[in-house]
Amino acid sequence: MTPHLLRKTLSNFIFAYLLTGSLMLFSGLSAQAQVIFSDDFERATLGSSWTTDPFAQWSIQDGKAYNTIDGSGGKMATSQSFPETEYRIETIAYPFEYGYWREYYLTFGEQSTADSSYAIRYDRAYGGTLQIVKSTDNIYYPEVLVSKKIALNDVNPLKLKVEHTADGTIQLFITEVGTDYDQIPVLQANDTTYPNLGKLGWHISTQTAAQDFFVESISASALPPSPIVFEDDFERAELGAFWEDNNSWTIQNGQAYNNSDGNGGFLTTAQSFGQTSYVIETEASNFVTGYYREYFLIFGQQDSTANASYVLNYDPDFGGVLSLGLSTDNYFYPETLDDQIVQIDPSENYRFKVAKYDNGLLQVYLGDESGFPEVPTLEAIDTTYSALGKVSWGNATQTAGEDFFVEYIKAEVPETQKTEPEKPAEDELIKQLYVQSSNSYEIGKLNTGETFFTDRSYVINSVPSSLEGASFIKTANNDKKVKTANGFLKVYLTQKAVAYLAYDPRASQLPAWLSNWTKTELVIGTNDPGSAYYEVYTKLVEPRYFDTYPYQLEIGANLATPAAGSEMNYLLAFLPVNAFVKYEAEDATLSGAQVANNHSGYSGSGFADYVNSSNDYV
């Protein structure tokens, strides 16, 4: 067989470590690890892939590289020198036996000068010594980088793994064939003398009787790219060159700090990142309310002056809304992709996670120091800005300054690609609800056969035809005795709607908040043994133009003062108010009035003209 000699071009990458702080930056990494070189020796001769010392007596025997160490030993090394700086070498060899002046070397990083390399050296004498060494011209007298007393198995085949990173870190892992490597390396050193993989090979020496030595396989591959794009915890004195600061961002007590006074400011990465799939995670604090005060996490921005980006915005005014938007020219007025009312306490720290996948799936999670929820807080699919680009934290205001802190921010490449949305589909009318209860409240559709409590199995057995399919809220019957007067239940609607509240007919007195509702003749039947039906009250949800959502309803609890007699919690339904419909007067029933078209400005086929002095009507 021919040797498994594979040489693939590895994507260029940059690794930068700023000594001024805990900031790591990785950019332009290849998508996956690639094989650089591999040989399993399943053939008759070593071939041109290898060079050997003239006296080394390396050959192939039974599918293994073979040497009988007789009096001296010798080296076999790859003919080719490899330029990679981030690599992993794996090999299987045996037996590592004791002998007078007998030493075993796994060499790598060899440059143009022979024996200018790193090596893993093992000497079985005196209990065994394992070392990472560096040789400049003579492998037998190297500089020892790290050493450990250890006795390796001297009979069975051993697996050796060496990992080398661009910062000069060398790690050695050893285990027996058939077992996994420990996560902690046996040896670790740091040296930057030989940055490239160069040539690699095996070298054995002895001054005693011959001893067989076998190499079953040897390979080198590029290390898998680090998932980290950048990471900053701000544990230093200054922001440094990694960040662009257009308005008074500094570092204070290990946090990025800004006191926005009158307008605000943005802390933006100086570099634009090319990853098309990424996860941003960050923690910030002091989300205080103020006149036109807003907070922004901006990403996907290719040019920090263009305002073309994705925008995660939190506006604490008018109820507090967290929105994911698409900005084309002004991040203050992006197109909303998804939004939600959130309860953010200015005295607490909050974490945000933004994930973008190659198919355009965008997911936003709002969490705290305990972690993130399983279901995204916000979700959308959009492919406008494919690359991560520049990333910014910012706040803006038109009032007095307030402190704002960013604890950390990082971006990573996700391990897997999500392809399907995970946030449950929203009701087309009820955008969101908020309830002052630890019990569950759910949004559903009002139909016969549906349960109407979240904590009971009772079902609806009759619905007025006009309310069939209405959006409604399943309440918790365990809250039937709650007496909260104001703000117990808040419902945010997407459009103008009529509310219908079903209340227990056994009530001897209604809560005060229900006094301005109109009782209808409608009833909703149930199989609740306490009452076979609800009585229905109705109310138009009036617009509130200075709130986050102009259509919202806020009501009290079931037994809010002075309510009495109700033994089951209410339920709440909504129907949208239809869009404006034009009725042509000339098509109506006319009394006295006549259809005419002798004046301009009408719609339809004409208009209704009152021709008599009185009693005409449409």
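**A close look at the aromatic residues**

Analyst: Happy to. F41 is found in the loop between β3 (35–39) and β4 (50–52). This is a predicted model, and in it F41 has a phi near 65 degrees, a positive value in a residue that is not glycine. Most residues other than glycine have a negative phi, and most peptide bonds are trans. F41 counts as buried because its relative accessibility is 0%. F234 also has a positive phi, about 60 degrees, although it is not a glycine. The loop between β18 (228–232) and β19 (243–245) holds F234, and at 1% relative accessibility F234 counts as buried.

Now to the ring pairs, which come to 45 in the count. One of them joins Y104 and F213: their ring centres are 5.2 Å apart and their planes meet at 40 degrees, so the pair is tilted. Y104 lies in strand β9 (residues 103–110) and F213 in strand β17 (residues 211–222), so this pair ties together parts that are 109 residues apart in sequence. Y104 is buried at 1% relative accessibility, and F213 is buried at 0%.

F452 and Y534 give an edge-to-face pair, with 5.9 Å from centre to centre and 85 degrees between the planes. Since F452 sits in the loop between β34 (442–446) and β35 (460–462) while Y534 belongs to strand β40 (residues 533–540), the pair ties together parts that are 82 residues apart in sequence. Both F452 and Y534 are buried.

Ring pairs also build a cluster, which links W249, F287, Y295, Y314, Y350, F352, W393 and F404.

Some rings meet a lysine instead. The charged end of K161 sits over the ring of F173, 4.7 Å from its centre, and K353 lies over the face of Y365, at 4.8 Å from the ring centre.

One tyrosine takes part in a cis peptide bond: Y94 is joined to P95 with omega at about -10 degrees. P95 itself lies in the loop between β8 (87–94) and β9. Another cis bond runs from T561 to P562, with omega near 0 degrees, and P562 lies in the loop between β41 (551–555) and β42 (571–576).

Finally, to the surface. Y610, Y617 and V618 form a nonpolar patch there, with about 340 Å² of accessible area together. Y610 is in the segment after β44 (607–609), and its relative accessible area of 48% makes Y610 partly exposed.

Note on methods: Residues numbered from 1 in each chain as written. Predicted model: local features only at pLDDT ≥ 70, side-chain atom pairs only at ≥ 80, totals over all residues. Heavy atoms only, no water. Patch = residues over 30% accessible without salt bridge, like charges linked within 9 Å, V, L, I, M, F, W, Y side chains within 5 Å. Areas by Shrake-Rupley, 256 points an atom, 1.4 Å probe, with all protein chains shown as cover. Salt bridge = Lys/Arg side-chain N within 4 Å of Asp/Glu carboxyl O. Helix = DSSP H or I, 4+ residues; strand = E, 2+ residues; numbered from the N terminus. Buried < 20%, exposed > 50% of the residue type's maximum accessible area, 1.4 Å probe, protein only. Phe/Tyr/Trp six-rings, centres within 6.5 Å; stacked < 30°, edge-to-face > 60°. Lys NZ or Arg CZ within 6 Å of the ring centre and 35° of its normal.
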